[in-house]
Amino acid sequence: MLTTMNDTLDLLRRYYDAFNAQDREGMLALLSEDVVHDLNQGERQTGRAAFRAFMERMDRSYRERLTDVVVLSSPDGSRAGAEYVVHGEYLATDEGLPEASGQTYVLPGGAFFEVRGGLIVRVTNYYNLQDWTRQVGG
């Protein structure tokens with residue numbers, strides 16, 4: 001199945017709509033089984049199961065909503081990017097990070113994607129960790 005630019009834009013919009021709806025199964029359905037996930041300032045994880053575990057950890061520590069989402073795609077739909085603003089609440093302390101006490105934060109972020117066969121095969125996320133740390137009082 002060839003992926004067009006419009007297919008990819010639609011795929012990413014559905015991905016972020018599912019994120020905002022806290023529909024983790026909906027997000028996972030848009031990923032290939034062997035998806036590569038590059039965490040911001042962290043490790044590379046491979047596989048849908050690893051992505052599910054990451055999202056479960058995130059949901060324990062954070063409540064986030066994305067606004068001002070803009071998605072862009074290469075003409076052939078194989079690569080894409082997104083820019084957004086994260087509005088979040090730090091619910092429970094995440095390992096290696098400052099103590100959580102319900103702090104709120106607003107943070108610009110972005111992601112790069114690789115798409116094949118109508119599914120996301122790579123997600124690489126970026127945000128400014130130092131800015132986030134400053135906002136939560138770390």
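I took helices (H or I, at least four residues) and strands (E, at least two) as DSSP runs, numbered from the N terminus. Two strands count as paired if DSSP finds at least two bridges between them. β5 and β6 (residues 119-127) meet that rule with 8 bridges, in the antiparallel sense. They form a hairpin with 2 residues between them, and Gly117 in the turn has a positive phi of about 60°.

I noted the source before going on: this is a predicted model, where local features need pLDDT of at least 70, side-chain atom pairs count only at pLDDT 80 or more, and totals for chains, interfaces and linings use all residues. Residues are numbered from 1 along each chain as its sequence is written, and side-chain values use heavy atoms, with hydrogens and water left out.

**Strands β3 and β4**

I then followed the pairing to β4, which joins β5 (residues 104-116) in the antiparallel sense over 11 bridges. Glu83 stands opposite Gly110 in β5. β4 also pairs with β3, again antiparallel, over 10 bridges. There I found Arg65 with His87 as its bridge partner in β4. The hairpin of β3 and β4 has 5 residues between the strands, and Gly77 in that hairpin takes a positive phi near 75°.

I looked up Asp68, which is placed in strand β3. Its phi is also positive, near 50°, in a residue other than glycine. Asp68 counts as exposed, at 60% relative accessibility.

Next was Ala82, in strand β4. At 10% relative accessibility, Ala82 counts as buried. What touches Ala82 beyond its neighbours within four places in sequence? I listed Tyr16, Val70, Val71, Gly109, Gly110, Ala111 and Phe113, where contact means heavy atoms within 4.5 Å. I also checked Ala82 against Arg13: they are 69 residues apart in sequence, and their C-alpha atoms are 9.5 Å apart in space.

I checked the length of α1. Its 16 residues should span 22 Å at 1.5 Å a residue, and the end C-alpha atoms are 23 Å apart, which agrees. The expected span is 1.5 Å times one less than the number of residues. The buried residues of α1 include Leu9, Leu12, Tyr16 and Phe19.

Leaving aside neighbours within four places in sequence, Leu9 is in contact with Val71, Leu72 and Ser73.

Gln22 lies in the loop between α1 and α2. It has a positive phi of about 55° although it is not a glycine. Gln22 is partly exposed, with a relative accessible area of 49%.

**Helix α3**

I moved on to α3 (residues 48-61), which has 14 residues and reaches 20 Å from its first C-alpha to its last, close to the 20 Å expected. Which residues of α3 are buried? They are Phe51, Phe54, Met55, Met58 and Ser61. They cover an arc of only 130° around the axis, which puts them on the same side of α3; the arc is that of the directions from the helix axis to the C-beta atoms. The face turned away from this buried side carries the exposed residues Ala49 and Arg60. I found that the cover over the buried residues includes α1, α2, β1, β2, β3 and β4.

I also looked up Asp94, in the loop between β4 and β5. Asp94 is buried, with a relative accessible area of 6%. Leaving aside neighbours within four places in sequence, it is in contact with Arg57, Ser61 and Tyr62.

**The largest pocket**

I ended with the largest pocket, which holds about 790 Å³ of space. Of its 34 lining residues, the closest to the centre are Asn40, Phe54, Met58, Glu64 and Tyr127. α3 gives the most to the lining, with 6 residues. On a 1 Å grid over the protein atoms alone, a pocket is an open set of points where a 1.4 Å probe fits, with protein on both sides within 12 Å along at least five of seven lines; lining residues have an atom within 4 Å of a point. Grid points are joined across faces, edges and corners, and the volume is the space filled by probe spheres set on them.

Methods:
Buried < 20%, exposed > 50% of the residue type's maximum accessible area, 1.4 Å probe, protein only.
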